[in-house]
Amino acid sequence: MVHVEWSRDCPLNIIISNWSSCDDSFNDLLGVASMCGCWWHSLDIWRMRFPSLECVKIFGVQTSDNPLFLTSQYTPALKHLILWNQSRISQLEVASKLNIGEFHWSACGSGSELLSSLLPCQQLRKLVLYGSCGSGDQWLGPQSIHLPALISLTLNLFDPQPALACMVVPNLNYLRCSCPSHCGGWVHVFEGFPDTFTNVQHICLVDPNLNNVPFKLTEVDARAVSMACSGVHHLELPIGDMPIFFNQNSPVDYWLHLKCLTLEGLRVREIPHDLIQWLDGRKSMEQSLLWLKLSEFCVPEGMSNGDMLESCGNCDSLRIFIDEGFEG
């Protein structure tokens, strides 16, 4: 520690090589070094094995495209890997035991290479891909990446369609997907996959209009989603998507086992009339009770809970849950 203190005025280039990680000495070393993290200039780890390491989370610290210490040779037991806020992530050679992978990058060309490198991870259960994928990315052919154990998939990409096209995920249960305004709506993302994601029970559609770019969706977009994911039990929608899902020929009615709705960004006394009519229609047909969750619900200051719930319509065919932290 004395030597570290002496270097206070100089950036540190830390190189750790050929260290056995089987005892506490390595942890002690990192403990001392991390106390002076504000002086780090670079960190290199060479030829070190971590035979029992199961979880690695790296946030904002830039690594190489394929960090050597994350390969199966050096971390054979790795099951949970998060690489977040990276400039680029390409060919990872992680252990085939990987269960959870969460990746965020900014450079184009990373998504296709990253997804291809995960093919050996047949035990992968949760995958998050968040980043830029340009039109020049070279994706594999349709249905070329089989991930039989995957149950949760989150895609927040420049265009999620090529990633969906090349994946075979027969046991997928949860799908969270964004649809940027430039890519042509949900019909572009889902139209080519009728009955492909039949086991998806929980689907979350992320607001494609975060930057207030004019973006018009139609009933065709909603129908493409309902045809691709025919077994939905729980639907999450932003306020901008509600009109296309709830109308006289509501695509939501295609989901015969729908049990829960999560609606994001509603305001008191601004709930779409079509939604109220659709809820009343469910009541008249004596359909099963529906749970309605209001996320980021905007309530004027001073409004009572009774007034707030009354604004949701007098409909006893649903139960309402207000998400924590609703806005005043």
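Predicted model: local features only at pLDDT ≥ 70, side-chain atom pairs only at ≥ 80, totals over all residues.
Helix α3 spans residues 110–117, and six of its eight residues are buried, so the helix is largely enclosed by the rest of the structure. The buried positions in α3 are Ser110, Gly111, Ser112, Leu114, Leu115 and Ser117.

## Aromatic pairs

The count of aromatic pairs comes to five. One of them joins Trp84 and Tyr130 in a tilted arrangement, with 5.9 Å from centre to centre and 50 degrees between the planes. Because Trp84 belongs to strand β4 (residues 80–86) and Tyr130 to strand β6, this pair ties together parts that are 46 residues apart in sequence. Trp84 counts as partly exposed at 21% relative accessibility, and Tyr130 is likewise partly exposed, with a relative accessible area of 34%.

Phe245 and Trp255 form a stacked aromatic pair, 6.3 Å centre to centre with 20 degrees between the planes. This pair links distant parts of the chain, 10 residues apart, with Phe245 in helix α7 (residues 242–245) and Trp255 in the loop between α7 and β13 (260–264). Both Phe245 and Trp255 are buried.

## The loop position of Ser288

Ser288 sits in the loop that runs between α8 (273–284) and β14 (290–295), where its relative accessible area of 48% makes it partly exposed. Although Ser288 and Lys259 are separated by 29 residues in sequence, their C-alpha atoms are 7.7 Å apart in space.

Terms used
Residues numbered from 1 in each chain as written. Heavy atoms only, no water. Helix = DSSP H or I, 4+ residues; strand = E, 2+ residues; numbered from the N terminus. Buried < 20%, exposed > 50% of the residue type's maximum accessible area, 1.4 Å probe, protein only. Phe/Tyr/Trp six-rings, centres within 6.5 Å; stacked < 30°, edge-to-face > 60°.
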